Amino acid sequence: MTRFEGRSAVVAGGAKNLGGLISTSLAGRGVDIAVHYNSDSTEPDADRTVAAIEAAGARAIKFQADLTEPANVVRLFDAAADAFGGVDIAVNTVGKVLRKPIVETTEAEYDAMFDINAKAAYFFIQEAGKRLNDNGRIVTLVTSLLAAFTDGYSTYAGAKSPVEHFTRAAAKEFGDRGISVNSVAPGPMDTAFFYPQETPERVEFHKSQAMGNQLTRIEDIAPLVEFLIGDGWWINGQTIFANGGYTTR
């Protein structure tokens, strides 16, 4: 296993679920972590993740902010740079899911979905491009719905799809500094974010579309993010669909 001692990371949404696993997994390989979280209710998760990182022998800070405000993205990277002396890795797992018919979607819901899934991602990539050390790594979590033909997820898939274009442009713009930029598109994931959007029947359908009749697990995705940060450094400007065969394009 490649070790990353001396490197530091900002993990947006890094307190729990996939973000929490990525935070602790990178810490186990020697990376210092700035753990971002959004809501007060997630602070206990952030505290547990920070404690796990420190138990693994790495340094950690927690940082609460709404990343739909670009100034808060700047503050997040400032905090990481102040704590660790610089930033080498930026991983963004932030996202919001909504399953709702187009004819029922409100303007407020549309705006919130694009603010969280697209705007925050854009300015996270922008700040990472400004702040990462040379040979850094940027990874954004998107969704396999970018390749699916389905109903109900117009604002979720629609708001995640621009991230592919942000990723490709950034890969070209940051490449002369050795910074790789990629997106990872999991299938429907077995987390608390997924189930409120679906009926039991649809959950079973989603399971039936992947190997082993199962949803994507966070443990399936975290190693792929680690690979892109380490041995997979030559992969650049890509969206990697990791979904057990759920869909492709």
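**View 1. Strand S4 between its two partner strands.** The chain crosses from S4 through helix H4 (residues 107–131) to S5 in a right-handed β-α-β crossover. Right-handed here means that, with the strands pointing away from the viewer, the path from the first strand over the helix to the second runs clockwise. S4 and S5 are parallel and share five bridges. Strand S1 (residues 8–12) also runs parallel to S4, with four bridges between them, and Ala9 stands opposite Ile89 of S4. Two strands count as paired if DSSP finds at least two bridges between them. Helices (H or I, at least four residues) and strands (E, at least two) are DSSP runs, numbered from the N terminus. Six of the six residues of S4 are buried, so this strand is largely enclosed by the rest of the structure. Buried means under 20% relative accessible area, exposed means over 50%, and partly exposed lies in between (1.4 Å probe, protein chains only). The model is predicted: local features need pLDDT of at least 70, side-chain atom pairs count only at pLDDT 80 or more, and totals for chains, interfaces and linings use all residues. Residues are numbered from 1 along each chain as its sequence is written, and side-chain values use heavy atoms, with hydrogens and water left out.

**View 2. The salt bridge between Arg29 and Glu226.** The side chains of Arg29 and Glu226 meet in a salt bridge at 2.7 Å, N to O. This pair links distant parts of the chain, 197 residues apart: Arg29 is in the loop between helix H1 (17–27) and strand S2 (32–37), and Glu226 is in helix H7. Arg29 counts as buried because its relative accessibility is 10%. Glu226 is buried as well, with a relative accessible area of 10%. A salt bridge is a side-chain nitrogen of Lys or Arg within 4 Å of a carboxyl oxygen of Asp or Glu. By this rule the count comes to 14.

View 3. Arg3 forms a salt bridge with Glu5 (2.6 Å, N to O). At 43% relative accessibility, Arg3 is partly exposed. In the pair Arg217 and Asp220, the closest N and O atoms are 2.9 Å apart. Arg217 is partly exposed at 39%, and Asp220 is partly exposed at 31%.

View 4. Most residues other than glycine have a negative phi. Asn135, in strand S5 (residues 132–141), has a positive phi near 65 degrees. This residue is partly exposed, with 46% relative accessibility. Asn213 has a positive phi of about 50 degrees and is in the loop between helix H6 (200–208) and helix H7 (218–229). Its relative accessibility of 44% makes Asn213 partly exposed.

View 5. A search of the whole structure finds one cavity of 30 Å³ or more. The largest cavity has a volume of about 30 Å³. Its lining consists of Gly187, Pro188, His206, Ala210, Gln214, Leu215, Thr216, Asn243 and Tyr246. Four of the lining residues are nonpolar, five are polar and none is charged. Ala, Val, Leu, Ile, Met, Phe, Trp, Tyr, Cys and Pro count as nonpolar, Asp, Glu, Lys and Arg as charged, and the others, Gly among them, as polar. A cavity is a set of points on a 1 Å grid over the protein atoms alone where a 1.4 Å probe fits but cannot get out; lining residues have an atom within 4 Å of a point. Grid points are joined across faces, edges and corners, and the volume is the space filled by probe spheres set on the points.

How values were computed. On a 1 Å grid over the protein atoms alone, a cavity is a set of points where a 1.4 Å probe fits but cannot get out, and a pocket is an open set with protein on both sides within 12 Å along at least five of seven lines; lining residues have an atom within 4 Å of a point.
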